Amino acid sequence: RKYVLKNLFAAEAFSIKPKQWCYPVIGCAGYRGYFNEQQLERFSTELKKQGYEVYIANVPAYSTLDWFDDPVLNTFVFWPDYSLAGLIFHELSHQYVYVDGDSQFNESFAVAVQQSGVEAWLTSLGEVDKLSKYREHINNRRQVIELIIETRGELKHIYATTMKLPEKKLAKQRAIKGLKSRYQKLSHGFDVQDGFARWFDGDINNARLASISTYYAYVSAFKNLLKNNNSFNSFLQQVKKVSKLPRDQRNSCMEYWLQESQNGSKTVEHS
(Lines give C-alpha, C1' and ligand atoms only; values in the text may rest on other atoms or scores of the structure.)
Protein backbone atom coordinates (compact mmCIF):
# COMPACT_ATOMS: atom_id res chain seq x y z
CA ARG A 1 0.00 0.00 0.00
CA LYS A 2 1.06 3.63 -0.46
CA TYR A 3 0.93 4.58 3.24
CA VAL A 4 2.09 2.70 6.31
CA LEU A 5 -0.60 4.17 8.57
CA LYS A 6 -3.24 6.87 8.86
CA ASN A 7 -3.50 9.64 11.43
CA LEU A 8 -6.88 10.77 12.69
CA PHE A 9 -7.38 14.40 13.77
CA ALA A 10 -10.58 15.49 15.51
CA ALA A 11 -12.03 18.78 16.74
CA GLU A 12 -15.38 20.00 17.98
CA ALA A 13 -17.68 21.75 15.49
CA PHE A 14 -17.08 25.18 17.04
CA SER A 15 -13.52 24.90 18.32
CA ILE A 16 -10.14 25.15 16.62
CA LYS A 17 -8.48 23.08 19.37
CA PRO A 18 -7.66 19.51 18.27
CA LYS A 19 -8.65 16.64 20.52
CA GLN A 20 -5.72 14.99 22.31
CA TRP A 21 -5.07 11.38 23.18
CA CYS A 22 -2.50 10.02 25.63
CA TYR A 23 -0.48 6.84 25.19
CA PRO A 24 2.00 4.72 27.15
CA VAL A 25 5.66 5.70 26.71
CA ILE A 26 5.25 8.59 24.21
CA GLY A 27 2.74 10.68 26.19
CA CYS A 28 -0.02 12.81 24.64
CA ALA A 29 -0.47 13.91 21.02
CA GLY A 30 -3.03 15.82 18.98
CA TYR A 31 -3.70 12.90 16.64
CA ARG A 32 -4.31 9.16 16.76
CA GLY A 33 -2.47 6.73 14.45
CA TYR A 34 -3.94 3.56 12.94
CA PHE A 35 -2.43 0.70 10.99
CA ASN A 36 -5.83 -1.02 10.72
CA GLU A 37 -8.29 0.87 8.52
CA GLN A 38 -11.33 -0.97 9.86
CA GLN A 39 -10.51 0.09 13.41
CA LEU A 40 -9.92 3.63 12.16
CA GLU A 41 -13.29 3.74 10.42
CA ARG A 42 -15.12 2.47 13.49
CA PHE A 43 -13.48 5.04 15.76
CA SER A 44 -14.01 7.82 13.23
CA THR A 45 -17.71 6.99 12.98
CA GLU A 46 -18.05 7.03 16.76
CA LEU A 47 -16.39 10.46 17.00
CA LYS A 48 -18.72 11.85 14.34
CA LYS A 49 -21.71 10.54 16.29
CA GLN A 50 -20.38 12.49 19.28
CA GLY A 51 -20.36 15.67 17.19
CA TYR A 52 -16.67 15.85 16.33
CA GLU A 53 -15.30 16.87 12.96
CA VAL A 54 -12.72 14.41 11.67
CA TYR A 55 -9.82 14.50 9.23
CA ILE A 56 -7.75 11.46 8.23
CA ALA A 57 -4.22 11.97 6.89
CA ASN A 58 -2.15 9.36 5.05
CA VAL A 59 1.25 8.78 6.67
CA PRO A 60 4.16 7.22 4.72
CA ALA A 61 6.62 7.00 7.66
CA TYR A 62 6.92 7.41 11.41
CA SER A 63 9.47 7.69 14.20
CA THR A 64 9.69 5.41 17.24
CA LEU A 65 11.47 8.29 19.08
CA ASP A 66 14.65 6.22 19.32
CA TRP A 67 12.96 3.43 21.29
CA PHE A 68 13.43 1.06 18.34
CA ASP A 69 15.04 1.11 14.90
CA ASP A 70 12.69 3.04 12.62
CA PRO A 71 11.35 0.91 9.75
CA VAL A 72 12.53 1.45 6.17
CA LEU A 73 9.48 0.89 3.99
CA ASN A 74 8.39 0.79 0.37
CA THR A 75 6.07 3.70 1.20
CA PHE A 76 8.98 6.15 0.91
CA VAL A 77 12.24 4.51 -0.24
CA PHE A 78 11.49 5.26 -3.90
CA TRP A 79 10.85 8.95 -3.31
CA PRO A 80 13.06 11.55 -5.05
CA ASP A 81 16.36 12.00 -3.19
CA TYR A 82 15.51 15.42 -1.74
CA SER A 83 12.18 14.11 -0.38
CA LEU A 84 13.84 11.09 1.19
CA ALA A 85 16.55 13.28 2.73
CA GLY A 86 13.87 15.59 4.15
CA LEU A 87 12.04 12.65 5.71
CA ILE A 88 15.24 11.44 7.40
CA PHE A 89 15.94 14.92 8.79
CA HIS A 90 12.35 15.16 10.04
CA GLU A 91 12.24 11.82 11.83
CA LEU A 92 15.70 12.19 13.35
CA SER A 93 14.55 15.51 14.79
CA HIS A 94 11.95 13.66 16.86
CA GLN A 95 14.73 11.57 18.39
CA TYR A 96 16.53 14.73 19.48
CA VAL A 97 13.59 16.69 20.89
CA TYR A 98 10.12 15.43 21.78
CA VAL A 99 7.87 17.21 24.28
CA ASP A 100 5.08 15.17 25.82
CA GLY A 101 1.71 16.72 24.94
CA ASP A 102 3.01 19.47 22.62
CA SER A 103 2.57 18.17 19.08
CA GLN A 104 2.72 21.69 17.65
CA PHE A 105 6.20 22.27 19.09
CA ASN A 106 7.45 18.80 18.10
CA GLU A 107 6.21 18.81 14.52
CA SER A 108 7.03 22.44 13.77
CA PHE A 109 10.59 21.84 14.94
CA ALA A 110 10.89 18.70 12.81
CA VAL A 111 9.52 20.44 9.70
CA ALA A 112 11.91 23.38 10.21
CA VAL A 113 14.88 21.00 10.45
CA GLN A 114 13.57 19.05 7.46
CA GLN A 115 13.35 22.11 5.22
CA SER A 116 16.60 23.69 6.38
CA GLY A 117 18.38 20.35 6.17
CA VAL A 118 17.30 19.75 2.57
CA GLU A 119 18.45 23.23 1.58
CA ALA A 120 21.85 22.69 3.19
CA TRP A 121 22.16 19.23 1.62
CA LEU A 122 21.31 20.43 -1.90
CA THR A 123 23.71 23.35 -1.45
CA SER A 124 26.51 20.97 -0.45
CA LEU A 125 25.88 18.95 -3.61
CA GLY A 126 25.90 22.01 -5.83
CA GLU A 127 22.39 21.20 -7.07
CA VAL A 128 21.56 24.79 -7.98
CA ASP A 129 18.45 24.09 -10.08
CA LYS A 130 16.95 21.65 -7.57
CA LEU A 131 17.69 24.05 -4.72
CA SER A 132 15.96 26.90 -6.54
CA LYS A 133 12.85 24.83 -7.22
CA TYR A 134 12.80 23.48 -3.67
CA ARG A 135 13.00 26.98 -2.20
CA GLU A 136 10.17 28.13 -4.47
CA HIS A 137 8.11 25.10 -3.40
CA ILE A 138 8.70 25.86 0.29
CA ASN A 139 7.92 29.56 -0.20
CA ASN A 140 4.65 28.69 -1.94
CA ARG A 141 3.70 26.32 0.89
CA ARG A 142 4.52 29.01 3.44
CA GLN A 143 2.10 31.41 1.79
CA VAL A 144 -0.67 28.82 1.75
CA ILE A 145 -0.05 27.86 5.37
CA GLU A 146 -0.27 31.53 6.36
CA LEU A 147 -3.73 31.64 4.75
CA ILE A 148 -4.80 28.53 6.66
CA ILE A 149 -3.53 29.78 10.02
CA GLU A 150 -5.12 33.18 9.38
CA THR A 151 -8.44 31.44 8.74
CA ARG A 152 -8.11 29.50 11.98
CA GLY A 153 -7.69 32.81 13.77
CA GLU A 154 -10.83 34.10 12.07
CA LEU A 155 -12.73 30.97 13.11
CA LYS A 156 -11.46 31.25 16.68
CA HIS A 157 -12.97 34.74 16.83
CA ILE A 158 -16.27 33.49 15.37
CA TYR A 159 -16.51 30.63 17.85
CA ALA A 160 -15.87 32.99 20.76
CA THR A 161 -18.76 35.31 19.86
CA THR A 162 -22.23 35.19 21.40
CA MET A 163 -23.89 34.55 18.04
CA LYS A 164 -26.62 31.93 17.94
CA LEU A 165 -25.55 28.57 16.52
CA PRO A 166 -27.21 29.00 13.07
CA GLU A 167 -25.47 32.38 12.65
CA LYS A 168 -22.19 30.96 13.91
CA LYS A 169 -22.46 28.05 11.48
CA LEU A 170 -23.09 30.44 8.58
CA ALA A 171 -20.12 32.62 9.55
CA LYS A 172 -17.96 29.48 9.72
CA GLN A 173 -19.04 28.44 6.22
CA ARG A 174 -18.24 31.91 4.85
CA ALA A 175 -14.77 31.84 6.41
CA ILE A 176 -13.98 28.44 4.90
CA LYS A 177 -15.38 29.46 1.51
CA GLY A 178 -13.20 32.56 1.68
CA LEU A 179 -10.13 30.43 2.40
CA LYS A 180 -10.79 28.27 -0.67
CA SER A 181 -11.28 31.33 -2.84
CA ARG A 182 -8.07 32.99 -1.62
CA TYR A 183 -6.14 29.75 -2.16
CA GLN A 184 -7.34 29.47 -5.76
CA LYS A 185 -6.29 33.04 -6.44
CA LEU A 186 -2.90 32.61 -4.73
CA SER A 187 -2.00 29.22 -6.23
CA HIS A 188 -2.92 30.36 -9.74
CA GLY A 189 0.29 32.36 -9.78
CA PHE A 190 2.57 29.52 -8.66
CA ASP A 191 5.08 28.15 -11.15
CA VAL A 192 6.05 25.36 -8.73
CA GLN A 193 3.38 23.26 -7.03
CA ASP A 194 2.73 23.89 -3.35
CA GLY A 195 1.41 20.37 -2.62
CA PHE A 196 -1.95 21.57 -1.29
CA ALA A 197 -4.20 21.04 -4.33
CA ARG A 198 -5.58 17.68 -3.11
CA TRP A 199 -5.84 18.98 0.46
CA PHE A 200 -8.19 21.75 -0.67
CA ASP A 201 -10.27 19.32 -2.72
CA GLY A 202 -11.47 17.67 0.50
CA ASP A 203 -14.02 18.82 3.05
CA ILE A 204 -12.36 21.57 5.07
CA ASN A 205 -13.28 21.47 8.74
CA ASN A 206 -11.71 22.27 12.11
CA ALA A 207 -9.87 18.95 12.23
CA ARG A 208 -8.34 19.36 8.77
CA LEU A 209 -7.25 22.90 9.62
CA ALA A 210 -5.80 21.73 12.96
CA SER A 211 -3.64 19.17 11.18
CA ILE A 212 -1.83 21.97 9.33
CA SER A 213 -1.42 24.10 12.44
CA THR A 214 0.02 21.09 14.30
CA TYR A 215 2.82 20.67 11.75
CA TYR A 216 3.49 24.23 10.62
CA ALA A 217 2.42 26.82 13.24
CA TYR A 218 5.96 27.52 14.51
CA VAL A 219 8.08 26.54 11.50
CA SER A 220 8.94 30.16 10.66
CA ALA A 221 9.92 30.79 14.28
CA PHE A 222 12.31 27.83 14.35
CA LYS A 223 13.83 28.66 10.96
CA ASN A 224 14.44 32.25 11.98
CA LEU A 225 16.05 31.05 15.20
CA LEU A 226 18.32 28.77 13.17
CA LYS A 227 19.19 31.61 10.82
CA ASN A 228 20.24 33.84 13.71
CA ASN A 229 22.38 31.25 15.50
CA ASN A 230 26.07 30.80 14.82
CA SER A 231 25.73 27.10 14.06
CA PHE A 232 23.22 24.29 13.71
CA ASN A 233 24.54 22.80 16.93
CA SER A 234 23.89 25.97 18.96
CA PHE A 235 20.40 26.12 17.44
CA LEU A 236 19.71 22.56 18.59
CA GLN A 237 21.00 23.30 22.08
CA GLN A 238 18.74 26.32 22.33
CA VAL A 239 15.70 24.32 21.20
CA LYS A 240 16.54 21.60 23.72
CA LYS A 241 16.73 24.21 26.46
CA VAL A 242 13.35 25.71 25.56
CA SER A 243 11.75 22.27 25.28
CA LYS A 244 12.37 21.75 29.00
CA LEU A 245 10.53 24.91 30.05
CA PRO A 246 7.00 24.80 31.51
CA ARG A 247 4.42 24.93 28.74
CA ASP A 248 3.34 28.54 29.30
CA GLN A 249 6.95 29.76 29.18
CA ARG A 250 7.69 27.60 26.15
CA ASN A 251 4.64 29.00 24.36
CA SER A 252 5.75 32.53 25.19
CA CYS A 253 9.15 31.85 23.61
CA MET A 254 7.54 30.41 20.50
CA GLU A 255 5.15 33.33 20.10
CA TYR A 256 8.02 35.79 20.55
CA TRP A 257 10.18 33.98 17.99
CA LEU A 258 7.24 33.79 15.60
CA GLN A 259 6.66 37.53 15.87
CA GLU A 260 10.36 38.19 15.35
CA SER A 261 10.39 35.98 12.26
CA GLN A 262 7.51 38.01 10.82
CA ASN A 263 9.34 41.24 11.65
CA GLY A 264 12.61 39.95 10.22
CA SER A 265 14.42 40.65 13.51
CA LYS A 266 16.99 38.67 15.43
CA THR A 267 15.82 36.48 18.30
CA VAL A 268 18.93 35.20 20.00
CA GLU A 269 19.25 38.03 22.49
CA HIS A 270 15.79 37.40 23.95
CA SER A 271 16.54 33.75 24.66
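**Note on helices, cores and salt bridges in a predicted model**

1. Asn205 caps the N-terminal end of helix α7, with a side-chain oxygen 3.1 Å from the backbone nitrogen of Ala207. This is a polar contact (a pair of N or O atoms within 3.5 Å; within protein, one must be able to donate a hydrogen and the other to accept it, and residues adjacent in sequence count only if both atoms are side-chain atoms). Helices here are DSSP runs of H or I with at least four residues, strands are runs of E with at least two, and both are numbered from the N terminus.

2. The model is predicted, so local features need pLDDT of at least 70 and side-chain atom pairs count only at pLDDT 80 or more, while totals for chains, interfaces and linings use all residues. Residues are numbered from 1 along each chain as its sequence is written, and side-chain values use heavy atoms, with hydrogens and water left out.

3. Helix α7 covers residues 206-216 and is mostly covered, with 10 of its 11 residues buried. Buried means under 20% relative accessible area, exposed means over 50%, and partly exposed is in between (1.4 Å probe, protein chains only). Among the buried residues of α7 are Asn206, Arg208, Leu209, Ile212 and Tyr216.

4. Helix α1 has 13 residues, 37-49, and reaches 18 Å from its first C-alpha to its last, close to the 18 Å expected at 1.5 Å a residue. The expected span is 1.5 Å times one less than the number of residues. At the start of α1, a side-chain oxygen of Asn36 comes to within 2.9 Å of the backbone nitrogen of Gln38. Just after α1, Gly51 has a positive phi of about 100°.

5. Which residues of α1 are buried? They are Leu40, Ser44 and Leu47. Seen down the axis of α1, these residues fall within an arc of 60°, so they line one face of the helix. The arc is taken from the directions from the helix axis to the C-beta atoms. An α-helix has 3.6 residues a turn, so residues three or four places apart point the same way. On the other side of α1, Gln38, Arg42 and Lys49 are exposed.

6. Contact here means heavy atoms within 4.5 Å.

7. The largest nonpolar core has 48 residues, and those with the most contacts inside it are Ile148, Phe196, Trp199, Phe200, Phe222 and Phe235. Helix α4 (residues 128-160) gives the most to this core, with 7 residues. Apart from this core lies another, of 8 residues, among them Leu8, Ala10, Tyr34 and Leu40. A nonpolar core is a set of buried Ala, Val, Leu, Ile, Met, Phe, Trp, Tyr and Cys residues joined through side-chain atoms within 4.5 Å. In soluble globular proteins, nonpolar side chains tend to be buried together.

8. Not counting residues up to four places away in sequence, Trp199 touches Tyr55, Ile148, Ile204, Arg208, Leu209, Ser211 and Ile212. Of these, Arg208, Leu209, Ser211 and Ile212 are among the buried residues of α7.

9. How many salt bridges are there? The count is 7, where a salt bridge is a side-chain nitrogen of Lys or Arg within 4 Å of a carboxyl oxygen of Asp or Glu. One of them joins the side chains of Asp102 and Arg247 (3.7 Å, N to O). Asp102 lies in the loop between α2 (81-96) and α3 (103-125) and Arg247 in helix α10 (residues 247-263), so the pair ties together parts that are 145 residues apart in sequence. Asp102 is buried, at 2% relative accessibility, whereas Arg247 is partly exposed, at 41%. Asp102, Arg247 and Arg250 are linked in a network of salt bridges.

10. Arg135 and Glu119 also meet in a salt bridge through their side chains (2.9 Å, N to O). Arg135 is in helix α4 and Glu119 in helix α3, so the pair ties together parts that are 16 residues apart in sequence. Arg135 is partly exposed at 43% relative accessibility, and Glu119 is buried at 18%.

11. A further salt bridge joins the side chains of Arg182 and Glu150 (2.9 Å, N to O). Arg182 is in helix α5 (residues 165-187) and Glu150 in helix α4, 32 residues apart.
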